[in-house]
Amino acid sequence: MEAIGDLIGGLGIALQPENFLLLALGVVVGLIIGILPGLGGTSGVAILLPITVFIAASNKTGAVELLAGLYWGALFGGVVTSILFNIPGEPWSVALLFDGFPLAKKRGRPGLALTSAFVSSLLGAVIAAIFFTFFALPLADYALNFGPPELFAVYLMAFATLVGLESSAPLKSVMMIGAGLLLAAVGFDTLTGAPRLNFGQLSLLSGIGFVPVTIGLFGIGEILAAAEEQGTKLEQVAARLGLGDLFEALGALRQRIWMVVGNALIGFWIGVLPGTGATPASFLSYGIARQYSKNKKDFGTGEISGIMAPQASANAAGVGALLPMVTLGVPGSPTAAVIMAGLFQWGLTPGPLLFTEQHDFVWGLIGGIYVGHILAFLICVLAAPFLAMIMRVPYAVITPFIIMISIIGSYSLNTSMTDVFVTIIFGVIGYWLRKMKYPLAPLVVAIVLGDSTEKALRQSFIASGGSPAIFFFHQNGSFNPLSTILMLIAIGLFLLPVFNAVRGRRIRVPVETPEAPVDVND
């Protein structure tokens, strides 16, 4: 099969010395960032993004391997913090707290808890990578037939997913999407070239750079909030991984193989949904594993299924999030959105043409998925106790270091102090948004997709003479099933919170019961 031959070539590209070293560096940095509470893969990718601009000048594949390796490392790194410290190093590792820490502390099996998470992470990622290998090219070929109406429907569904499925506060998500679209509109009009929303400032004619905004939101904003939250003494469980733990974890995996495989598939397809990512996948898989387990009462006390299910799903979702980014130009998660911004910075255009115009780049990335996850697994198994020591570094040391790196990185992009000011301003905004419980994912996705969404919308209206019927019918009047289905799904997702709110009110209405007769003689 053609895909197998391309995969073998991609593995060879990923294993080239320079690419492999960058991939390994990304994995190690990702493990460290994943262990540190409050940072996460998105923050790490945003902070390192300026460095990749210089790497991509001579080696674009190496640049994406560095960022992707960081993503994979962060997925594994969050395991250590959750299980040993009972603190989620990543949002998607929150589900590990339910059974990971109890198994490590109450049952005294930290090595088994860690190895169970690591082996299920690897298996989930490999399953997702296999699906990525065989589905990416057909999807990209099909996407070549997309016109502006179909593309706009895809972008709209990405925003609708953030509102209808991802968010517990849909109105806040809508507000963040609107803010992101406004920020993306600053600068020159995408079609006419006329300046807009720059308030007479020449420095804003080129727009508000996505990278400085992202570095501020995730690099400075997240670390400030994390430094405030992590001021208390941490409770730690010491861990030493042995071969016995690994073999016992493999035995537990063999007993739960179909449960893990099923949740990996669920995680992969959740990751493919635009704008979702690993966090909802991990929680959904934990709930499914508990619902269909024969040992429901053991969940919350150190049940291995409660560790394997969410972690396999989270890693599969992380892989799946890159599929729509590569094939459609729509990021499947906030981290994928930042990586996608990197592709733009390097002069690449994510989407179906990427497979034909940058064949080695795409398959090098796919090969790196396999290599990076195996590398992260080996490092975690061999060095988990040393990785846990990172948590002993006080936040008084970590915070100024990360802020300094963030500012240097934003300045190095264009040697512009405007970018530095943007980074600092959005660092403060990001801190405030986190304190006010506003989701950052809709803002990030909207900034990345803003120009493309506007362009597709306006091209559609230009072609139809201003008629919205273009999203349901072709110009010749024939029915457009693809665009119609995507638009209806998007509309349904936007209305889903309203439906849930109405349904919730009906359920919460108290049933009036007749009062007992009152005895007037009492």
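**Entry 1: the labels**
A helix here is a DSSP run of H or I at least four residues long, and helices are numbered from the N terminus. With that noted, I could read names such as α15 in what follows. I also wrote down that this model is predicted.

**Entry 2: the whole chain**
I began with the overall picture. The chain has 522 residues, and 57% of them are buried. Its secondary structure comes to 21 helices and two strands. I then looked at contacts between residues at least 6 apart in sequence, and found that 79% of these join residues at least 24 apart.

**Entry 3: how confident is the prediction?**
I checked the pLDDT next. Its mean over the chain is 81, and 88% of the residues reach 70 or more. Which elements have the lowest and the highest mean pLDDT? Helix α18 (residues 395–414) has the lowest, at 75, while helix α2 (residues 17–35) has the highest, at 90. I put a pencil mark beside residues 511–522, where the pLDDT is below 50. Beyond near neighbours in sequence, that stretch has zero contacts in the model.

**Entry 4: helix α15**
I picked α15, which covers residues 334–345, and followed it from end to end. Its 12 residues reach 17 Å from the first C-alpha to the last, close to the 16 Å expected at 1.5 Å a residue. Why do I call α15 largely enclosed by the rest of the structure? Because 10 of its 12 residues are buried. Among these buried residues are P334, T335, V338, I339 and M340. I kept going past the helix and came to G347, which follows α15 and has a positive phi near 90°.

**Entry 5: a lysine with a positive phi**
I noted it down because most residues other than glycine have a negative phi. Where does K437 lie? I found K437 in the loop between α19 (417–435) and α20. With 64% relative accessibility, K437 is above the 50% cut-off and therefore counts as exposed.

**Entry 6: α8 against α20**
Since I had reached α20, I looked at its contact with α8. Two packed helices are described by the angle between their axes and the distance between the axes. The axes of α8 (residues 170–185) and α20 (residues 441–464) come within 7 Å and cross at roughly 35°. This crossing is right-handed. On the α8 side I listed residues including S173, M176, I177 and G180, and on the α20 side residues including P442, L443, A446 and D451. The residues of this contact divide into 10 nonpolar, three polar and one charged.

**Entry 7: two buried residues**
G26 sits in helix α2. Is G26 buried or exposed? Its relative accessibility is 0%, so G26 counts as buried. Neighbours within four places in sequence aside, G26 is in contact with L66, G69 and L70. I also checked W72, which is 46 residues from G26 along the chain; their C-alpha atoms are separated by 8.4 Å.

T61 belongs to helix α4 (residues 60–85). At 11% relative accessibility, T61 is under the 20% cut-off, so it counts as buried. What does T61 touch, apart from neighbours within four places in sequence? I found I13, N19, D360, F361 and G364 in contact with T61.

How values were computed. Residues are numbered from 1 along each chain as its sequence is written. This is a predicted model: local features need pLDDT of at least 70, side-chain atom pairs count only at pLDDT 80 or more; totals for chains, interfaces and linings use all residues. Side-chain values use heavy atoms; hydrogens and water are left out. Axes are lines fitted to C-alpha atoms, for helices over the stretch in contact, and angles run from 0 to 180 degrees between N-to-C directions. A crossing is left-handed if the near helix is turned anticlockwise from the far one by less than a right angle, and right-handed if clockwise. Contact means heavy atoms within 4.5 Å. Ala, Val, Leu, Ile, Met, Phe, Trp, Tyr, Cys and Pro count as nonpolar, Asp, Glu, Lys and Arg as charged, and the others, Gly among them, as polar. pLDDT is the predictor's confidence in each residue, from 0 to 100. The expected span of a helix is 1.5 Å times one less than its number of residues. Buried means under 20% relative accessible area, exposed over 50%, partly exposed in between (1.4 Å probe, protein chains only).
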